[in-house]
Amino acid sequence: MSTGAAHAPVKDALSRPITAGGFVDGAPVIFSDITRPSGLDKFHHRSGTPEKSTILETPGSGVALIDYDNDGWLDIYLLNGSTFPALKGNETPPHAMLLHNNHDGTFTDVTEKAGVANERWGFGVAVADYDNDGWPDIYVSNFGKNRLYHNNHDGTFTDIAQRAGVTLGGWSTGATWGDYDHDGFLDLFVPGYVKFDPDNPPIAGKGGIPPGFCQFRGIDVMCGPRGLPGEGDHLFHNNGDGTFTDVSVKAGVSDPRGYYGLASVFVDVDDDGWIDLLVANDSVPKYLYRNKHDGTFDDISYLSGFALNDEGREQAAMGIAVGDYNRDGRVDFHISNFSDDYNTLYRNDGDASFSDVSFAAGIGNATIPFLGWGTGFLDYDNDGLLDIFVANGHVYPGVDKQDWGTTFAQRPLLFRNLNGTKFEEVPAATGSGLAVVVSARGAAFGDLFNDGHIDVVLNTIDSTPVLLRNVFDNSNHWLGLRLVGGPKSPRDAIGAKAFVTTGAIRQRSDVFSGGSYASSSDPRLHFGLGAATKVDKLEIQWPSGTKEEIRIPSVDRMFTVVEGKGIVEP
């Protein structure tokens with residue numbers, strides 16, 4: 001819910017709210033909406049009723065890009081929500097959908113064969129090879145029991161969550177995988193949102209909630225998350241035998257305050273070779289846990305400057321983007337927030353210290369009318385500078401009845417990185433993918449067509465998804481890397497960092513699972529190279545601690561790099 005003050009409506013030249021307008025005739029087309037020709041329109045998301053009278057119905061679901069069959073092409077896994085009658089067994093629950101990439105711009109529904117329909121109220125999805133067998137597995141965070149789909153290497157999956165000890169219960173959100181203790185096996189962190197009883201949903205004036213408590217700008221809305229008890233967070237240690245142990249309390253990341261977690265990501269923020277943990281919380285301070293190298297974490301949320309914004313105020317954080325936007329070798333973060341507040345760009349100043357540079361960078365004012373969810377750093381034009389994408393959509397359908405300059409369905413935002421310091425909003429060309437007005441939630445980013453351009457998949461609430469194909473055409477070059485860890489690293493190299501040098505420019509990219517909002521993106525690393533036609537140096541820091549320098553023979557292609565063996569044929 002909103003943590004900012006009400007702002008005056010922002011409208012375009014046709015008096016439309018800027019969240020569903022502001023389109024520019026003749027602007028360059030960056031993304032083309034190919035949802036229908038690709039076949040993704042066969043999926044339809046459902047989340048309760050259109051009225052969204054309870055908080056369970058509003059956050060929507062994530063999406064994952066996963067090469068589940070190891071054919072070198074990304075497939076798409078779309079989570080679905082549910083309904084209250086389905087929870088009680090009175091109607092067929094909506095299904096998640098796994099879509100196989102046919103290598104020709106189309107996708108085929110393989111959910112039934114794969115066995116990944118979920119059939120629970122799904123919120124988050126995190127992909128990783130937890131057992132180091134070379135095949136990606138899927139963790140699904142639900143309201144109710146979670147699932148861990150083990151990849152059987154034959155196009156099918158088996159839910160082993162019960163046996164593995166990671167089902168939980170309650171309400172789980174955007175999970176993340178990472179090897180926090182350097183044993184070579186990926187561990188699992190699962191944030192919790194709120195405690196919610198479908199038979200006794202929170203209502204203003206009942207159950208200890210004061211009358212008039214659940215309002216937004218003076219109108220009655222669904223209650224929560226404020227005023228509701230929060231779910232704790234869970235860290236599961238991978239025992240290496242297909243089972244996990246809950247070590248949340250011992251590790252210091254159990255969230256005894258009951259903050260409202262929505263997204264999380266393991267990544268090394270202080271460059272000490274050990275992954276740290278970030279959690280985006282709704283309407284309360286964010287968490288940054290620093291890895292102490294002994295199986296425990298330090299809560300440095302406030303000390304680091306990450307907990308609050310520049311005004312010392314908590315924000316309603318939904319999603320986390322991870323990337324080194326200013327090419328100083330340190331990983332920075334973009335956080336998507338509620339409407340009437342701005343999205344936050346945190347610059348990493350070193351030693352796990354962060355500065356809120358949102359307004360100085362030029363993204364503050366433009367994001368205030370929007371309600372952001374999935375977000376990512378991506379170099380859409382391959383110029384060597386990371387840009388910012390944000391999926392947007394409101395949680396209160398009633399905003400459409402008010403003259404507030406915001407809407408339930410909203411267009412996405414794309415900010416072009418100008419020089420590593422400043423961003424500018426990319427105009428939404430009329431009729432293009434940036435002019436799609438939907439109530440988006442999850443967003444995943446990756447090269448779906450193996451053409452060197454980063455595409456975007458949005459999971460939208462109560463509607464079909466959106467597949468935005470990157471059609472921006474210039475002569476810039478690129479490099480793709482698929483990293484494979486050695487015996488002492490996770491097989492899928494989550495936690496690895498790669499540094500690419502071209503002339504005087506050095507870029508960084510990290511392999512991570514989760515982030516955005518409850519979604520998982522392409523695990524392969526992508527570098528825009530601008531006009532450079534050769535890579536002078538590739539340095540890889542593997543999760544095991546090993547550092548390697550690899551010679552890259554050419555550009556404009558994807559290479560598979562195996563720890564200790566260099567470039568291999570995929």
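When I speak of helices (H or I, at least four residues) and strands (E, at least two), I mean DSSP runs numbered from the N terminus. What we are looking at is a predicted model, in which local features need pLDDT of at least 70 and side-chain atom pairs count only at pLDDT 80 or more, while totals for chains, interfaces and linings use all residues. Residues are numbered from 1 along each chain as its sequence is written, and side-chain values use heavy atoms, with hydrogens and water left out.

Let me begin with the backbone. Most residues other than glycine have a negative phi, and most peptide bonds are trans. Glu119, which lies in the loop between helix H3 (111-114) and strand E6 (121-128), has a positive phi of about 55 degrees although it is not a glycine. At 41% relative accessibility Glu119 counts as partly exposed, where buried means under 20% relative accessible area, exposed over 50%, and partly exposed in between, with a 1.4 Å probe and protein chains only. Lys52, in the loop between helix H1 (35-38) and strand E2 (63-66), also has a positive phi, near 55 degrees, but Lys52 is buried, at 3% relative accessibility. The peptide bond from Gly224 to Pro225 is cis, with omega near 0 degrees, and Pro225 is found in the loop between strand E13 (219-220) and strand E14 (234-238).

Now to the rings. A search of the whole structure finds 31 aromatic pairs, counting rings of Phe, Tyr and Trp (its six-membered ring) whose centres lie within 6.5 Å, with planes under 30 degrees apart called stacked, over 60 edge-to-face and the rest tilted. One of these pairs, Tyr180 with Phe297, is tilted, at 5.7 Å centre to centre and 45 degrees between the planes. Tyr180 lies in the loop between strand E10 (176-178) and strand E11 (187-190) and Phe297 in strand E19 (residues 297-299), so this pair ties together parts that are 117 residues apart in sequence. Both Tyr180 and Phe297 are buried. Another tilted pair is Tyr325 with Phe423, at 5.6 Å and 50 degrees. Tyr325 is buried, with a relative accessible area of 3%, and Phe423 is buried too, at 5%. One aromatic cluster includes Trp121, Trp171 and Tyr193.

Two charges also deserve mention, a charge being over a ring if NZ of Lys or CZ of Arg is within 6 Å of the ring centre and within 35 degrees of the ring normal. The charged end of Arg469 sits over the ring of Phe449, 3.9 Å from its centre, and Lys286 lies over the face of Phe306, at 5.6 Å from the ring centre.
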